Amino acid sequence: QLACPLDLGCHSVVPRQAGYNGDVPADLDHLDLNHPQIKFRKMMLGRYLTKVVTSEYDGKFLEYIDWVGKIHTTKGGNSRINVDLVHMNALMGFVNDALVGIVNGLEGVPQEAKDKINRAFTKLLWIQNDFITRHYEADKVVAAPKPEQPKFGLSAVALAVVGIIVGVLVQKFALGM
């Protein structure tokens, strides 16, 4: 059986995934890590990871990561599959951790290069997470608009300070100054 405490998130792995033509489990009690559907999902995750680390980062790639976000909601793929956003976030955390582990395990690569690679992939996965989240946010009820902030109020000053801090950090760490 799958290790799913309190059935958290596991309900989304029971319905047939788009592209999978094998037997579908009746429920979670008939699903384990060796089930063909789970193997298929692992294969699809492997394809995603391959694409993330080998693609040209262009408009076509952005369309792909947008599609990845969409297919995990009822807007794409299987209308019965709607993975909760919290579980998609957990998956992105898992993927990030796996990539960091792989990069850190590379032999003969200087630590400084590993750090740059890990930072780059982490940023890429945050972008992926934004493309995921946008498909969930579109379903939320729009709240009443907030009162307009003054153009030069405290929030503008705070943003300016944050911008200066970010600029200093970029110069110090990325540019080696």
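This is a predicted model: local features need pLDDT of at least 70, side-chain atom pairs count only at pLDDT 80 or more; totals for chains, interfaces and linings use all residues.

Trainee: Let me pick Asn 129, then. Why does Asn 129 count as buried?
Mentor: Its relative accessible area is 13%, and the cut-off for buried is under 20%.

Trainee: And what does Asn 129 touch, leaving out residues up to four places away in sequence?
Mentor: With those left out, Asn 129 touches Asn 89 and Met 92.

Trainee: Nice. Switching to the largest nonpolar core: which residues touch the most other members?
Mentor: Those are Tyr 48, Tyr 64, Met 92 and Leu 125, out of 17 residues in that core. Helix 1 (36-54), helix 2 (59-71), helix 3 (85-104) and helix 4 (111-137) each supply at least two residues of the core.

Trainee: Which helix gives the largest share?
Mentor: Helix 4 does, with five residues.

Trainee: Now the aromatics. How many aromatic pairs does the structure hold?
Mentor: Four. Take Tyr 48 and Tyr 64: their ring centres are 6.3 Å apart and their planes are at 25°, so that pair is stacked. The pair links distant parts of the chain, with Tyr 48 in helix 1 and Tyr 64 in helix 2, 16 residues apart.

Trainee: Are those two buried or exposed?
Mentor: Tyr 48 counts as buried at 6% relative accessibility, and Tyr 64 counts as buried at 17%.

Trainee: And how are the rings of Phe 61 and Tyr 64 arranged?
Mentor: That pair is tilted, because the planes are at 35° and stacked needs under 30 degrees. The ring centres are 6.4 Å apart. Phe 61 and Tyr 64 both lie in helix 2, three residues apart, which is about one turn of the helix. Phe 61 is buried as well, with a relative accessible area of 4%.

Trainee: Which residues form the aromatic cluster?
Mentor: Tyr 48, Tyr 57, Phe 61, Tyr 64 and Trp 67 form one cluster.

Trainee: Back to Tyr 64: what sits over its ring?
Mentor: The charged end of Lys 51 does, 4.9 Å from the ring centre. Not counting residues up to four places away in sequence, Tyr 64 touches Tyr 48 and Lys 51.

Trainee: Last one. Where does Asp 66 lie, and what does it touch?
Mentor: Asp 66 lies in helix 2. With residues up to four places away in sequence not counted, Asp 66 touches Phe 131, Arg 134 and His 135. At 17% relative accessibility, Asp 66 counts as buried.

Conventions. Residues are numbered from 1 along each chain as its sequence is written. Side-chain values use heavy atoms; hydrogens and water are left out. A nonpolar core is a set of buried Ala, Val, Leu, Ile, Met, Phe, Trp, Tyr and Cys residues joined through side-chain atoms within 4.5 Å. Buried means under 20% relative accessible area, exposed over 50%, partly exposed in between (1.4 Å probe, protein chains only). Helices (H or I, at least four residues) and strands (E, at least two) are DSSP runs, numbered from the N terminus. Contact means heavy atoms within 4.5 Å. Rings of Phe, Tyr and Trp (its six-membered ring) pair if their centres lie within 6.5 Å; planes under 30 degrees apart count as stacked, over 60 as edge-to-face and the rest as tilted. A charge sits over a ring if NZ of Lys or CZ of Arg is within 6 Å of the ring centre and within 35 degrees of the ring normal.
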